[in-house]
Amino acid sequence: MTFRWALLFGVTASLAAAMPLTAQSDEDRAEKQYDPKTWVMQEDMGEYTEYNIPANIYIPGDPILLTEKNMNTGPRVNFVTCPIHVDSFPTPLWFAEYEGELFFLRAQQNSSGRVRAPQLKHKILVEGVISDEPRIGGARVLNPVNISILPELSPECSESRPYVEGVAVKFAKRPPGPGNSGADRQHGIDRLWALVDRLDDPDYVPNPKVKWEKKEFLIEFDFGSDMVMAYPLVGGAVLYAKDVQASRFEIVGYRGSALLSNGEIIVEDEYLARERARNVENIVRDYVLPKHTEVIVRWDNEPAPATGNDFLNRRVVITVTPGERP
Amino acid sequence: MAGRISPCAMRVLGFAATSLVAVILLAAKADEGDAVERKVELPASQLDYLPESMDASALSTTRGKTYGYPPVVKRKYRHDEIFYEGADQIWQPYMEFENEYGRVGVSTQGDPVRTKGHPFFTPAKDGNGRACVTCHQPRDGMGLSLDTIQRLWKESNGKAPLFDVWDGANCPDVEQGKPESHSLLLERGLIRIARPWPPRDFAGNPIEPEFDIEVVQDPTGCNRSPKYGLNGENQQISVYRRPRPVANLRYLETPRVDRNAKTMQPMDRDPVTRARSSMSMTADARVTSLRMQNENALHEHMQSTIGWTQEQLDELLEFQRKIHVAAAYSNGAGDLDEPGGPKGLGINSIVTGTSHMSGTDLDTGTFFLMDQWRPGGEKAGKNAAQREFRASVVRGYDLFFLKPFYISETRGITDIRLGSPFKQTCGFCHNTQLTGHDNVPGWMDIGTQNFPETMHADKSHVLPMFKVTCKASARPHPYLGRTIYTRDPGRALVSGKCADVGNVVMQQFRGIAARPPYYINGSAKTLRDMIDFYDRRYKIGYTEQEKTDLVNFFSVL
């Protein structure tokens, strides 16, 4: 029994050591992740595991997502091409060639990798900033970057290169093989359920500290995709609606175009605006909104004009209108 | 004030404050004894690290987790009994049954059960003579092995309820009792599953499919049958699948998280209880609860038009939820519950274990760690033969858990965000501790059904072949595009989605040696065949020794 108590103490103490990390809200963490001013480049994981790494730690090979905030931090490039897979150690790498230049995209991580991993047999749309950080495998690094996998098959995209000494990143958040910390992983699951319990609760007591105002939540999508990778953000919108006893919860789906660096424009399929809105609606309806909240779902089939910053247009916008204060 | 404190100071303060609380808690609880200590609300993640399992009073459920029953007392080896529908037999709370590799243990604990009158063993009054036990035999680890099927065939001359022509034959319009009428059941252990086309939602409303489907090959004649075929009176598609084991359900029944990581959509909810489903109960996740699974089986497989009474249903669910199955004895490794042996093996590992734990990290392990059996370990073996076998099992586990290979073009894993190819181990997908299934949920298309990958699994032409043509407005299958040839569209027969063609829900591993053949279509006759398929499909390049080690590893689960 002494052992059990010692174990409890040990785990409690280690959780305490991580307190400044977990004390941040998810929103704060997300903000830090996308704000280039807060990045700290680190070439190894140090004391962190893949599950408790702070959002502002940037490890080469795990690039930051392109956002409105960071899209002008360097020269931009948008192109469609086949990805190139390279076997490497400690983890495989992805590259792409454009106009004779080799670009490094990302390393294999696990599902926590921020940028989508390419797939052979598919072309990818790359939208990124050419970073001035050290080259990897001789290639210029794109960071921040978005990668979208184009849905139709492209069998010609099949280039897989063998391992070559020196073409590698120094460290991976999660190289091939088991992870390091089951306890951290489980902690993440427990935190998720704690949030879901609040989202599911019909008798939820609103947080009095939340400011009552009309608020927008931007749910971004990969080009050609209706998968809601920003699932937690939808949960965040529902929680906000519960906190402000929302009178109206509006979901609007959009589709976009993409202006490439060579002047070409590609346009998303028409059904995507509708499917994006419906997929977000499914998530919203899986939780419990206040009884009086009116949920409105619509979509705009007209693709937004291509501007070069088109990742902003592949989206669903959730607008939460607060109810009347009691 | 707080704004003036540096992050470093905050960390120190946080540590000090929480440590102080822990010390106060320790002091307050120190003299309250064991009974009080069990009530301490430990984070669930720590429960697996406790030195001993919780006792029966601690059996509880928190967000889907269950924390284990008391260990079973292993009794003397039983016999090779088949349980028959409507017979008067005794189901012991713990039983062991022999198979090629050793013995599988089946535990329900509590009192013995007299099968006569029990709904699990009793045919429905208006049905075809089958009961649940027809396809869920304890000697087969609560699945159905080819050995049992063939024994029943011989004993009954093809007249046993299992061979009811409705789904125990290749098509209902054949003559019962002729071997050729039941070839898929007799040779592959396959039961016919008839799915409506177009698919229906839970309320029975048609779903507009994203694809057109046509029958290209129809060796059973059922998919072109005027009555049972795709364009027949009933507008059905017949596919042929292996029964899944009714065992260790507390590990499978509820979801690990609230969302389906394969679709980034919510888990389906049960239409009656509104509870979130694990979507792991059937090969195509068409049922959302154990209750629904029992109701579907009653109507679809037992051909009853009368539903279960609430009393029967309660008794069924209680009984099924108590069933735990795992290999209990290995011909090569000996008693798998040997005190001091590997924590993840033996019947008591699954009986006492905590459900819904991830086993994909070095400090957890799908089946914990097996260091005790390594050469030089505390339980390395009692003699040379046992030592070699145990060492082989550990090598097999190391291959499973540690050896990465390239996983490519696998719907449900490489397409969700990981990349194709993606270098990982078996344990990455088979990640639930103690069972080895994937509960996020485990929909995947590893290539057992769709062409061209299925050629690695099934070069025969005994199963139907469908041509699926995706509509222009639909998202295509990520690796097969808009024209797909498949022997079983799997999840797509439920969802109507093009990208789901060939997706099936993976199975758990416990008791696997007791229930060959393997894969949804029974195409792997043995454990070795199962490993050979992976080796070919993913070009892993296992050596002969490695394949033997993997077979030995699976044989003790």
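Which strands of chain A does helix H5 lie across? Here's my quick take.

1. First, the ground rules. This is a predicted model, where local features need pLDDT of at least 70, side-chain atom pairs count only at pLDDT 80 or more, and totals for chains, interfaces and linings use all residues. Residues are numbered from 1 along each chain as its sequence is written, with chains lettered from A and ligands numbered from 1 in the order in which they are written.

2. Look for the open sheet in chain A: four strands in the order E10-E15-E11-E14, with mixed pairing. Helices (H or I, at least four residues) and strands (E, at least two) are DSSP runs, numbered from the N terminus, and two strands pair if DSSP finds at least two bridges between them. E10 (215-220) and E14 (294-300) of chain A sit at the edges with a single partner strand each, so one side of each has no neighbour in the sheet.

3. Inside that sheet, E11 (residues 248-254) and E15 (residues 315-321) of chain A run antiparallel, joined by six bridges. One pairing to find: Val252(A) has Val317(A) in E15(A) as its bridge partner.

4. Back to the opening question: helix H5 (residues 231-243) of chain A lies across E10, E11 and E15 of chain A, at about 165° to E10(A). Contact needs C-beta atoms, placed from the backbone, within 7 Å; axes are lines fitted to C-alpha atoms, for helices over the stretch in contact, with angles from 0 to 180 degrees between N-to-C directions. Helix H6 (residues 271-286) of chain A also packs on the sheet, touching E10, E11, E14 and E15 of chain A.

Terms used
Two residues are in contact if their C-beta atoms, placed from the backbone, lie within 7 Å.
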